[in-house]
Structures are given as C-alpha cells and as structure tokens.
Amino acid sequence: MRYQELSYWLSSVDEPLTPRPALPGDADADVVIVGAGYTGLWTAYYLAAADPTLRITVLESEIAGYGASGRNGGWCSALFPTSLPALARRHGRDRALAMQRAMQETVREVGRVVAAEGIDCDWRPGGTVVLARSGAQLGRARAAVEEAREYGLSDEDLVLLDADQAAARCAADGVLGGTYTPHCAAVHPARLVRGLARAVEGRGVTIYERTPVTAIRPGAAVTPAGVVRAPVVVRATEGFTPALPGQRRTVAPVYSLMVATEPLRASTWAEIGLADRETFSDYRHVIIYGQRTADGRLAFGGRGAPYHFGSRTAPGYDREPRVFAALRRVLGELFPVLGEVPVSHTWGGPLGVARDWAASVGLDRASGLAWAGGYVGDGVGTSNLAGRTLADLIRGQRTELTALPWVNHRSPRWEPEPLRWLAVNAGLRLMFSADEAEQRTNRPARRAAAFSRLLGH
Ligand SMILES: Cc1cc2nc3c(=O)[nH]c(=O)nc-3n(C[C@H](O)[C@H](O)[C@H](O)COP(=O)(O)OP(=O)(O)OC[C@H]3O[C@@H](n4cnc5c(N)ncnc54)[C@H](O)[C@@H]3O)c2cc1C
C-alpha cells in the first residue's frame with residue numbers, strides 16, 4: 001500500500017513512511033497498546049513520561065497515523081461530542097463544566113508538547129470561526145452563545161460576531177454573522193501523529209507496525225506473529241474497532257471525507273481572509289470543516305458518505321466521488337473567488353460513533369482492559385485528554401482527570417443489523433434534507449433538531 005495516497009497530509013510529510021519492523025514473535029510488556037493513532041500514542045507518551053521504567057509496546061496493523069489521525073481536518077479543538085446541556089443532564093452542571101474546561105486546557109497542552117518535543121506540525125492556535133449564512137443559522141449562532149453564557153462561559157470562550165466581524169475573519173459569501181472561539185489550533189495532522197510516534201520511541205516505547213491484532217483478551221493482545229502478554233491492554237482502534245472479535249456493536253464507523261485545493265494565490269487569500277489560520281465552519285446541520293493549510297491550500301471536509309452494513313470499513317469506502325464533488329461545490333458557494341481552482345487531493349477515513357454519541361475513556365481494573373474513543377469528529381484534542389487520563393488510571397492515580405464525567409462511562413451497544421444500518425443512514429439523510437429545506441425556506445428545520453435530541457447529541 002502507498003500510504004502517501006491516504007490523504008493530502010500523509011503525502012506531505014517529510015519522510016518516506018517506511019513501516020517500522022513488525023512484531024517478531026511472542027513478547028511481554030507492562031502495557032500493550034493496540035493502535036498507533038493519537039489515542040494509542042498519547043497514552044504511551046504520558047505513561048512513559050510518568051514512569052520511564054514501564055515496558056510499553058504499541059501494536060499497529062499498518063503504520064502510525066494510518067487511521068483518522070493521519071487524515072483529519074486538523075482542528076485541535078476544545079469540542080467534545082456530547083453537548084454541555086447533555087453532559088449536565090447526565091452528570092450535573094459542575095462536572096459538565098469541568099469537562100469543558102479540561103478540553104480547553106487540552107488544546108494548550110497539545111501546543112505545549114508540540115513545542116517541547118519539537119514536533120514540526122504547522123501548529124497555529126488561531127481559534128475557530130463558525131459562520132452564519134442564513135437566518136436559521138444566525139439563530140443557532142445566537143443560541144450557542146446564549147447557552148455558553150448559561151454555563152458561565154464568557155466572551156473569552158465564545159463570542160457572537162456581527163456580519164462585518166465574521167467577514168473580517170472569513171469573508172465567505174453571504175455572511176450574516178457567526179461566532180468565534182480562541183480554543184482551537186490548526187495543525188498538520190499527519191505531522192503531529194508521525195512526530196508523536198518518534199517522540200514516544202525517544203522515551204523508550206516500542207512500536208511494531210504491520211502487526212494486526214486479531215483478538216484482545218485480559219492479559220494479552222493476539223497477532224498472527226505472536227502474543228504480547230501484559231497486565232494492561234489498551235484498545236485504541238476507534239473506527240476500526242468493530243473488526244475486533246466481540247466489538248462489532250461498540251462504535252459505528254462513519255466516514256468523513258475531505259478535499260484540498262492547489263495552493264491559492266496571495267490575492268485570493270487577501271479576499272478570503274483566515275489570516276490567523278482560523279479553522280472554519282458554518283451553522284448548517286451536516287458538519288463541514290476547513291482550514292487554511294500552512295502551504296496556502298484550503299483543506300475542506302464534511303460528512304455524507306454512507307454508513308456500510310455490518311459496521312464494515314474498507315479502503316474503497318473513503319472514496320466517494322459524489323461527496324468529493326459536493327464538497328468542491330460547497331467550497332465554491334462559500335468562496336466564489338475560488339473560481340475554477342482545482343482540487344489536488346481527495347481522501348477520507350472512518351471515525352467512531354458510540355450509540356449515545358458519548359466519547360469515553362476507561363480501565364476495567366479486574367480484567368486490565370482499557371479503552372478510549374467514540375470521539376465522533378472531535379478526536380484530535382480529545383485523544384490527548386484520553387491519553388493523559390489513561391496514564392493516570394493505569395498507574396492507579398486518582399486525579400482531577402480521572403474524576404471527569406466521561407471516565408468509565410459505558411455507552412450502550414448499537415442495535416444489531418439491519419436496524420443500525422437503517423438508523424444511521426436515515427439520520428444522515430435527514431440532516432441533508434434539513435439543510436436543503438432551510439436553504440429553500442430560510443426557516444429552521446425542526447426534524448433535524450429532533451433527531452439530534454434522539455441521539456442525545
Ligand atoms: C476525514 C476526517 C476528518 C476529521 N477531522 C477532525 C478534526 O478536524 N478535528 C478533530 O478533533 N477530529 C477530527 N476527526 C476525528 C479524529 O481524526 C479522530 O477522532 C482521531 O484521529 C482518533 O484517533 P485514534 O487514535 O483514536 O484513532 P485512529 O487514528 O483511527 O487510529 C486507530 C489506529 O488503530 C489501528 N488499528 C485498528 N485496528 C487494529 C488492530 N486490530 N490491530 C492493530 N492496529 C489496529 C489503525 O490502523 C489506526 O492506525 C476527523 C476524522 C476524519 C476521518
């Protein structure tokens with residue numbers, strides 16, 4: 001496999017992506033981690049930093065960064081897949097707020113490690129601007145700020161922008177207003193994950209690549225080449241989790257797809273803005289997300305690819321010409337100044353969605369089995385918090401992090417097929433039709449909001 005072809009990001013790292021050696025045979029460790037994306041590597045990083053004597057082994061079926069971590073939109077944000085009100089309903093207001101503050105702190109923490117480890121990943125903490133381009137979207141922007149105020153978050157966390165302020169940051173067509181939060185950094189995601197892999201190796205962690213794990217059980221990770229025995233086994237496999245025995249209904253893999261343009265001229269950037277490399281989106285229902293890359297491209301993504309029966313993942317599923325064309329069309333609607341600028345790269349990848357839309361991290365002390373994931377599209381920052389939290393849990397420490405409400409949360413399992421297939425795809429279609437209806441009528445679509453509530457999102 002040519003790993004460079006998996007994303008624009010993996011095609012633009014300064015290394016050949018030659019796989020590290022595979023597991024040579026049976027081995028022992030103190031902690032074995034399955035999956036070398038951000039989750040697995042942040043866990044290894046903080047464990048090794050806290051206790052350099054630990055023998056930590058990471059097993060990766062392809063190469064570090066093969067999954068979503070090498071392909072995402074590069075928003076290292078404080079977004080968490082469960083909304084503040086939903087968290088407050090389940091865990092109380094104080095714990096919900098503690099979660100929000102921990103996420104904000106996480107963005108700073110990733111920036112700190114990137115600097116300390118010298119990871120060259122185009123880190124730019126320019127915040128996020130979310131645009132409103134219709135009356136309905138403006139209503140949602142206002143509601144988001146009101147909700148933030150109800151939870152004691154200030155203008156420093158989320159501020160409402162009028163049309164001029166929003167356009168000054170991101171001059172998309174027809175901007176009526178928006179919101180801005182400083183709690184986000186744009187990052188080159190593949191350079192982050194590859195740099196992190198080198199940083200953990202520098203701390204004595206062993207990474208075996210091209211080593212698929214066929215089963216996880218208490219005390220062992222099983223591969224065709226041998227078994228790694230360890231008292232703690234961490235599952236960090238996110239969208240690929242359903243392929244593991246016993247995990248078919250743990251998360252649903254939903255594909256997010258992206259396009260990147262050729263580098264834009266300075267004059268085009270002068271019209272678009274994003275001068276601080278703010279990440280950007282708008283208040284439609286079907287998520288879109290973009291960033292101005294350090295080399296002057298627009299990297300832009302969204303959902304819309306179908307969910308595949310039986311929670312299957314396969315390389316071809318991240319190539320949907322219909323979705324790529326739709327993404328390019330939306331980019332043109334946002335920024336007519338782009339004209340015929342060609343798309344240079346198209347790609348996608350699976351993210352993990354738990355049945356209750358709740359990310360979680362945990363360790364079952366009795367079995368030694370640990371996990372983290374279900375981040376939906378918010379794993380770049382959240383995986384760092386997961387790694388720090390797992391390091392505390394595995395070392396038996398009770399800390400502020402281990403008291404956060406997502407720790408040891410157990411999401412219900414997804415319905416068996418065909419219900420799961422029907423539900424996920426119907427939900428995706430409903431979101432699209434809600435956006436279309438809003439564009440036609442300029443009135444908020446209630447059905448989409450009802451669906452979001454149904455999912456507890
Ligand atoms: C197109 C796209 C855009 C996104 N944009 C953003 C964004 O802008 N901001 C944001 O916060 N989040 C975003 N996300 C989500 C984010 O990328 C993920 O939540 C995050 O990367 C998850 O990291 P992870 O390490 O848990 O999983 P992954 O990066 O998917 O890593 C899992 C690893 O486990 C390996 N693996 C799986 N099964 C096995 C096995 N049996 N044996 C051995 N190894 C195995 C895989 O090969 C993979 O390397 C996006 C996701 C996608 C797909």
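Analyst: Let's start with S1 and strand S12 (residues 226-229), which run parallel and are joined by 2 bridges. Strands here are DSSP runs of E with at least two residues, and helices are runs of H or I with at least four, both numbered from the N terminus. Two strands count as paired if DSSP finds at least two bridges between them. Across this pair, Asp28 sits opposite Arg229 in S12.

Before going on: this is a predicted model, where local features need pLDDT of at least 70 and side-chain atom pairs count only at pLDDT 80 or more, while totals for chains, interfaces and linings use all residues. Residues are numbered from 1 along each chain as its sequence is written, and side-chain values use heavy atoms, with hydrogens and water left out.

S1 and S12 belong to an open sheet of 4 strands, ordered S1-S12-S11-S10, with mixed pairing. Its edges are strand S1 (27-28) and strand S10 (215-217), each of which pairs on one side only.

Next up is strand S20 (residues 369-373), and here you get both senses. Strand S13 (residues 232-235) pairs with S20 in the parallel sense, over 3 bridges, and Val233 has Leu369 in S20 as its bridge partner. Strand S19 (residues 360-364) runs antiparallel to S20, with 5 bridges joining them; there, Gly362 stands opposite Trp371. S19 and S20 also make a hairpin with 4 residues between them, and Gly368 in that turn has a positive phi of about 75 degrees. S20 is mostly covered too: 4 of its 5 residues are buried, meaning under 20% relative accessible area (1.4 Å probe, protein chains only).

Strands turn up around the ligand as well. Strand S14 (252-261) and strand S18 (343-353) each supply at least two residues of the shell there, and so do helix H2 (38-50) and helix H10 (379-394). Of the 36 residues around the ligand, the nearest are Thr39, Glu60, Ser69, Gly377 and Val380; a residue is near if one of its heavy atoms lies within 4 Å. Glu60 puts a side-chain N or O atom 2.6 Å from a ligand oxygen atom. Taken alone, the ligand exposes 1000 Å², and the protein buries 97% of that, with areas from the Shrake-Rupley method and a 1.4 Å probe.

Definitions and conventions. A polar contact is a pair of N or O atoms within 3.5 Å; within protein, one must be able to donate a hydrogen and the other to accept it, and residues adjacent in sequence count only if both atoms are side-chain atoms. Buried means under 20% relative accessible area, exposed over 50%, partly exposed in between (1.4 Å probe, protein chains only).
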